[in-house]
Amino acid sequence: MSTLLEVTDLEVRHGDLRAVQGVSLSVAEGDVLAVIGANGAGKSTLLSAITGLLRPSAGQVRFAGDDVTRVRPHTRVRLGVSMVPEGRRLFGSLTVEENLQVGASAKRPGPWDLKAVYDLFPLVAERRARRAGAMSGGEQQATAIGRALMSNPRLLLLDEVSLGLAPVVVKQLYAALPEITGKGTTVLLVEQDVRQAFAVADHVHCMLEGRTSLEGRSDQVSMEQVSAAYFGVRA
Amino acid sequence: MTLLNAVVQGLLLGGLYALFATGLSLMFGVMRLVNLAHGEVAVLGAFGSLVLGTALGVNPLLSLLVVVPASAALGYLTQRVVLDRTVGPSPLPSLLVTFGLSIVVQNLLLATFTADQRRLDVGALTTASFRAGDLSIGYLPLAVFTTAVALLAGLSLFLARTSLGRIIRATSDDPQAVRLMGVDAKHVYGIAAAIAFATVALAGVVNGIQTNFTPLSGPLLLIIAFEAVIIGGLGNVWGTLLGGVVLGVAQTVGAWIDPAQQILAGHLVFLLVLALRPQGLLPKMAAT
């Protein structure tokens with residue numbers, strides 16, 4: 001399989017703080033990669049550099065073979081990179097359906113349209129006329145995922161989908177993942193819930209204090225290795 | 001003049017005030033930017049029309065065909081080239097820059113056109129009116145009011161129903177997130193500024209037909225726009241119309257009581273609303 005996303009020696013600074021330093025990773029087309037790590041490990045910063053919201057101080061981001069390190073965020077969406085941001089960031093004054101429609105602004109052709117999203121999340125379909133701000137956390141997260149899918153991404157980035165949601169809701173949301181990858185979308189997800197990450201990912205990439213502490217196939221790394229890489233201590 | 005007549009004249013005047021205020025409200029709503037040079041854009045529009053009239057003999061109403069699109073282009077450019085650099089968490093840079101722009105425009109106009117009072121001439125139409133019972137209604141004010149209502153209705157529909165309108169509202173909600181949807185937020189800002197400049201330039205030309213103006217008329221127009229926005233409620237198209245009408249009626253009724261107190265009466269009603277209902281008469285509606 002060909003490489004869809006390739007990050008090389010990435011360094012991103014927040015002022016003097018190097019939030020990400022020397023991180024390299026690649027995701028093959030059709031794969032699911034989970035980036036795990038504790039709070040402040042640099043996971044969200046890494047995603048921001050991949051979407052272009054933050055500009056790296058060193059290193060390179062290549063997408064589908066092209067160097068996109070200096071490409072602006074909205075152009076990357078048109079190329080096929082879409083993100084479900086942490087905290088969902090729905091447009092609170094718009095209805096659910098309008099949120100989805102704004103998600104299609106990049107006008108990329110593909111399998112995802114209003115109907116496909118409503119089929120994937122029937123609950124979202126029921127709430128289509130509702131203001132996005134006036135929904136439960138799970139409904140909002142489903143809407144946020146649907147909104148990102150509306151751009152028909154080749155690469156879907158999911159930032160902390162489970163954050164602040166009840167386990168049963170998280171389970172429902174992740175149940176939609178096979179259908180998303182089944183339509184040919186590659187997924188890179190950031191997750192604090194290691195068990196959840198291992199359940200859905202083909203590969204895992206663990207970060208600790210801005211650096212890569214472990215990477216490998218999810219069925220080939222042991223829990224001991226992960227806890228060492230996650231907390232930075234020998235278990 | 002009877003009290004009823006004063007109220008009707010104020011109502012019609014309110015349409016013009018709403019036109020002044022719409023762009024100010026839109027720019028604040030979308031980019032959280034208060035354009036202190038808003039009044040100067042209106043004055044620029046009026047002088048643009050004046051130049052077209054004296055140089056080419058174009059009727060002021062016809063000159064709108066040039067002035068309005070030119071102002072829209074000026075708005076887009078000003079946003080992309082200057083104002084974009086001031087947008088940020090702090091409102092101070094944009095306030096300083098737009099204040100500076102207003103001074104620059106005032107002085108350029110003074111240097112070019114002197115401080116003389118000007119008026120745009122539409123001939124007999126300026127004073128033409130018809131009688132309805134005791135009321136005397138001018139064709140021009142009525143046309144201005146109708147145009148204002150139609151324009152605001154159009155803007156409201158545009159924001160509520162079209163895909164670009166939806167994107168503008170989404171950008172107003174979260175300018176960062178909208179970039180993740182493939183939207184060029186800066187282009188959206190430019191469009192909002194273009195609409196704002198176009199509507200206020202239209203208001204400036206119409207105002208120049210109805211009353212005198214000078215290169216220094218901008219600040220008073222800005223205050224009127226501010227007051228209409230605050231009275232009506234920020235970020236609400238129909239609130240802006242209501243705010244304009246309340247202000248217009250306050251002024252004409254004030255003038256009916258004592259002709260010297262027209263402007264003061266408007267300010268007093270504004271302060272009253274600010275004290276009693278600081279969120280404005282109509283709260284912000286999400287769809288508009």
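This is a predicted model: local features need pLDDT of at least 70, side-chain atom pairs count only at pLDDT 80 or more; totals for chains, interfaces and linings use all residues.
## A helix pair in chain B

Residues are numbered from 1 along each chain as its sequence is written, and chains are lettered from A and ligands numbered from 1 in the order in which they are written.

Helix α5 covers residues 139–161 of chain B and helix α10 covers residues 237–257 of chain B; their axes come within 9 Å and cross at roughly 160°. Helices here are DSSP runs of H or I with at least four residues, strands are runs of E with at least two, and both are numbered from the N terminus. The axes are lines fitted to C-alpha atoms, for helices over the stretch in contact, with angles from 0 to 180 degrees between N-to-C directions. α5(B) and α10(B) are therefore roughly antiparallel to each other (over 145 degrees; under 35 is roughly parallel, 65 to 115 roughly perpendicular and the rest oblique).

Who meets whom? On the α5(B) side, V149(B), L152(B), L155(B) and S156(B) meet V237(B), W238(B), T240(B) and L241(B) of α10(B). Being in contact takes C-beta atoms, placed from the backbone, within 7 Å.

## Chain A as a whole

Chain A has 10 helices and 10 strands. Its C-alpha trace spans about 50 × 40 × 35 Å along the principal axes. Of its 235 residues, 47% count as buried (20 or more other C-beta atoms within 10 Å of a residue's own, all placed from the backbone; 12 or fewer is exposed, and in between is partly exposed).

## Where chain A touches chain B

On chain A, 21 residues are in contact with 16 residues of chain B. Helices α2 (73–79) and α3 (96–103) of chain A each supply at least two residues of that side.

## Two residues with positive phi

Which loop holds A64(A)? A64(A) sits between β4 (58–63) and β5 (66–67) of chain A. Its phi is near 50°, a positive value in a residue other than glycine. A64(A) is partly exposed, with 16 other C-beta atoms within 10 Å.

N152(A) also has a phi near 50°, and lies in the loop between α6 (137–149) and β7 (155–159) of chain A. N152(A) is buried, with 23 other C-beta atoms within 10 Å.

Key:
Two residues are in contact if their C-beta atoms, placed from the backbone, lie within 7 Å.
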